[in-house]
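Take a look at the structure first.

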Amino acid sequence: MRKYNKKSIQYLNKLELENFFKSKFWTQKNQKKAKRDFLIFKMIYFHALRCSELVKIRLTDLDLENDKIYIEATKKGKFGNEFLNPIEKNLILDYLEIRPEDETDFLFVSSDGGQIGRQHINTLFVEFSSKAGISENKQHPHVLRHTWL
């Protein structure tokens, strides 16, 4: 039987998480992109999402009247409604006001139009986590999925 080396699960500690979400670079970016990017990482954190799950969220998956969002998991085919917390709902409403018009129904769109890519989210996380002083071995968005404080 083959033995596999399992990497230890990486997560952000309280200070790293605070540095990531409270850093000045969120306000130094283009305001539209900053609102989108901040919401992306808050949603990954709040719902323990994979990037592939996040990029599939559509506008029609939002039920803002009942504070719910429909999320389809990429592994094991799980899906269902989850509650939006008030902070997240306000971030979504702010983002929807400035979201570029697009022919797709995806919640998150790229600056070129169309669905934002999973790899682009990875690139953004590396950029932001580096500026927040997070070590290289934690510079991937999946660490937010494992972070729960």
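Glu 72 has a relative accessible area of 40%, so it is partly exposed (buried is under 20%, exposed over 50%, partly exposed in between, using a 1.4 Å probe and protein chains only). This is a predicted model: local features need pLDDT of at least 70, side-chain atom pairs count only at pLDDT 80 or more, and totals for chains, interfaces and linings use all residues. Residues are numbered from 1 along each chain as its sequence is written, and side-chain values use heavy atoms, with hydrogens and water left out.

**Salt bridges**
- The whole structure holds six salt bridges (a side-chain nitrogen of Lys or Arg within 4 Å of a carboxyl oxygen of Asp or Glu).
- Glu 72 pairs up with Lys 56, with the closest N and O atoms 3.9 Å apart.
- Lys 56 sits in the loop between helix H4 (51-54) and strand S1 (62-63) and Glu 72 in strand S2 (residues 68-72), so this pair ties together parts 16 residues apart in sequence; helices (H or I, at least four residues) and strands (E, at least two) are DSSP runs, numbered from the N terminus.
- Lys 138 and Glu 16 form another one, at 2.9 Å between the closest N and O atoms, and both residues are buried.

**Helix H1**
- Glu 16 is also among the buried residues of H1 (residues 14-22), along with Leu 17, Phe 20 and Phe 21.
- Those four cover an arc of only 120° around the axis, which puts them on the same side of H1 (the arc is that of the directions from the helix axis to the C-beta atoms).
- Over on the other side of H1, Lys 14, Leu 15 and Lys 22 are exposed.
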